Amino acid sequence: MFENDYIMRMILQLGTVLRRSWLRQYDDFDAEREDIERAIGDAVDIEPKTLLSLAPESIVSMLALGNFDAELGGYVVRALYFEADLLEKQGLFGTSDLRKAQANAIADAYGIDKDIANAGPEMLKELFREQGVDNSYSESE
């Protein structure tokens, strides 16, 4: 029960940050990215700068040392793809490629569907609706 509550809280946190991002509620790109990375780090309980500086295989090894949950992993993978998309739009192709490789490595290691590479706002909104994570979306968004 406690573990399920924790996982749901982490999913909600990721959803909230991603929602703010796709609604463009940030003053600048750095703040947006920091929030996404912090949410990812919080979800896996690893300091985000350390986690996201690792090679894809090293991230998988690091996650294996903790209590990484595959259900939560699907959201982490989607958040990484979403950040990769943002990075690409900013012309940060090297970092974008790293995020995609990190997401792919996690997806491969935990059997997470990789047919989610296009983790844009509409797909993420639908995912969160299906999971009952956030019912506060209005039709105008």
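This is a predicted model: local features need pLDDT of at least 70, side-chain atom pairs count only at pLDDT 80 or more; totals for chains, interfaces and linings use all residues.
Residues are numbered from 1 along each chain as its sequence is written, and side-chain values use heavy atoms, with hydrogens and water left out.

Okay, burial. Of the 141 residues, 46% count as buried; that's under 20% relative accessible area, with exposed over 50% and partly exposed in between, using a 1.4 Å probe and protein chains only. As for contacts, meaning heavy atoms within 4.5 Å, take the ones between residues at least 6 apart in sequence: 71% of those join residues at least 24 apart.

Now, which residues does Arg99 touch, leaving out those up to four places away in sequence? Glu37, Leu52, Leu80, Glu83, Ala84 and Leu87. Arg99 sits in helix α6, residues 93-110, and counts as buried because its relative accessibility is 4%.

Asp30, in helix α2 (residues 29-44), is at 47%, so it counts as partly exposed.

Last one: Asp45. This residue is in the loop between α2 and α3 (48-52), and its 65% relative accessibility is why it counts as exposed. Check the backbone there, too: Asp45 isn't a glycine, yet it has a positive phi of about 60 degrees.

Terms used. Helices (H or I, at least four residues) and strands (E, at least two) are DSSP runs, numbered from the N terminus.
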